[in-house]
Amino acid sequence: MEEVGLPKLSGVSGERLYYTLQPLYRTGRIFSPVDSGVFMRPVISRSEAEELIERIPDTEAEICDNRNIRFLSEHYQEKMQRHDCTELVKVIKSVYQKRKLAIEKGKKLGQIDERFMKRAEDMLYGELAVALDIPKSEVVSYISAKIEGGQTEPA
């Protein structure tokens with residue numbers, strides 16, 4: 001968060017306070033009214049990130065086999081709206097398993113699954129990058145090293 005105050009934007013009343021947010025992995029700024037009720041939470045701590053990574057092998061995938069696009073979207077959306085990194089891990093693991101099963105049957109994974117997996121990876125890896133103070137591009141290799149037993153520290 002950059003600041004709380006009155007943004008210098010045309011069409012914005014001078015009576016309402018806004019958070020001014022600078023995305024870490026995108027350009028631009030986001031202005032969100034302080035009283036909007038939009039969910040915001042702090043980034044997890046380094047120790048929480050390390051604990052999450054340790055739990056990844058034991059985190060159970062929850063494959064949703066429903067072929068109804070609306071139901072599938074709602075299923076993933078509900079998981080994403082929990083704003084919980086463990087739920088993001090479950091989505092990613094579930095879609096990876098679903099992709100593996102589809103490939104074994106000579107099929108392709110659906111677009112809804114692909115879209116939500118990409119979104120979950122983007123959210124999770126971004127948060128872990130901040131918590132671990134490493135570039136986002138190094139998060140996957142960091143997780144792999146930790147899970148495979150190599151206790152390497154980030155560069």
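Author: A residue is called buried when its relative accessible area is under 20%. In this predicted model, helix H3 has buried residues that include Cys85, Leu88, Val91, Ile92, Val95 and Ala102.

Reader: What do the buried residues of H3 pack against?

Author: The buried residues of H3 pack against H1, H2 and H4. Packing here rests on contact, which means heavy atoms within 4.5 Å.

Reader: How much of the protein is buried?

Author: Buried residues make up 34% of the 155 residues. The protein has 5 helices and 3 strands, and along the sequence they follow the pattern β-β-β-α-α-α-α-α. Its C-alpha atoms fill a box of roughly 60 × 45 × 20 Å along the principal axes.

Reader: How do you know that the span of H3 agrees with its number of residues?

Author: H3 has 20 residues, and at 1.5 Å a residue they should span 28 Å. The end C-alpha atoms of H3 are 29 Å apart, which agrees. At the start of H3, a side-chain oxygen of aspartate 84 comes to within 2.9 Å of the backbone nitrogen of threonine 86. Just after H3, glycine 106 has a positive phi of about 75°.

Reader: What span should H2 have, and what is the distance between its end C-alpha atoms?

Author: H2 covers residues 69–80, which is 12 residues, and at 1.5 Å a residue these should span 16 Å. The end C-alpha atoms are 16 Å apart, so the two values agree. At the start of H2, a side-chain oxygen of asparagine 68 reaches to within 2.9 Å of the backbone nitrogen of arginine 70.

Reader: Which residues of H2 are buried?

Author: The buried residues of H2 are Leu72, Ser73, His75, Tyr76, Lys79 and Met80. They cover an arc of only 155° around the axis, so they are on the same side of H2. These buried residues pack against H3 and H4.

Reader: Which residues of H1 are buried, and where is H1?

Author: H1 runs over residues 46–55, and its buried residues are Ala49, Glu50, Leu52 and Ile53. Their arc around the axis is only 160°, which puts them on the same side of H1. The buried residues of H1 pack against H3, H4 and H5.

Reader: At what angle do the axes of H4 and H5 cross?

Author: The axes of H4 and H5 come within 10 Å and cross at roughly 75°. Angles from 65 to 115 degrees count as roughly perpendicular, so H4 is roughly perpendicular to H5. Where the two helices meet, Tyr125, Leu128, Ala129 and Leu132 in H4 face Val139, Val140, Tyr142 and Ile143 in H5 as contact partners.

Reader: Why is aspartate 133 called exposed?

Author: Exposed means over 50% relative accessible area. Aspartate 133 has 65%, so aspartate 133 is exposed. Aspartate 133 sits in the loop between H4 and H5, and its phi is near 60°, a positive value in a residue other than glycine.

Reader: Why is histidine 83 called partly exposed?

Author: Histidine 83 has 33% relative accessibility, so histidine 83 counts as partly exposed. Histidine 83 lies in the loop between H2 and H3. Its phi is near 55°, which is positive although the residue is not glycine.

Reader: What makes arginine 119 partly exposed?

Author: The relative accessibility of arginine 119 is 34%, so arginine 119 counts as partly exposed. Arginine 119 is in helix H4. Not counting residues up to four places away in sequence, arginine 119 touches Gln77 and Met80.

Reader: What kind of contact do the side chains of arginine 119 and glutamine 77 make?

Author: The two side chains make a polar contact at 3.2 Å. The cut-off for the atom pair in such a contact is 3.5 Å, and the value of 3.2 Å is within it.

Reader: Why is leucine 17 called partly exposed?

Author: The relative accessible area of leucine 17 is 45%, so leucine 17 is partly exposed. Leucine 17 belongs to the loop between strands S1 and S2. Leaving aside neighbours within four places in sequence, its contacts are Val4, Gly5, Leu6, Ser32, Pro33 and Val34.

Reader: How many residues apart in sequence are leucine 17 and proline 33, and how many Å apart in space?

Author: Leucine 17 and proline 33 are 16 residues apart in sequence, and their C-alpha atoms are 5.9 Å apart.

How values were computed
Residues are numbered from 1 along each chain as its sequence is written. This is a predicted model: local features need pLDDT of at least 70, side-chain atom pairs count only at pLDDT 80 or more; totals for chains, interfaces and linings use all residues. Side-chain values use heavy atoms; hydrogens and water are left out. Helices (H or I, at least four residues) and strands (E, at least two) are DSSP runs, numbered from the N terminus. The expected span of a helix is 1.5 Å times one less than its number of residues. Buried means under 20% relative accessible area, exposed over 50%, partly exposed in between (1.4 Å probe, protein chains only). The arc is that of the directions from the helix axis to the C-beta atoms. A polar contact is a pair of N or O atoms within 3.5 Å; within protein, one must be able to donate a hydrogen and the other to accept it, and residues adjacent in sequence count only if both atoms are side-chain atoms. Axes are lines fitted to C-alpha atoms, for helices over the stretch in contact, and angles run from 0 to 180 degrees between N-to-C directions. Angles under 35 degrees count as roughly parallel, over 145 as roughly antiparallel, 65 to 115 as roughly perpendicular and the rest as oblique.
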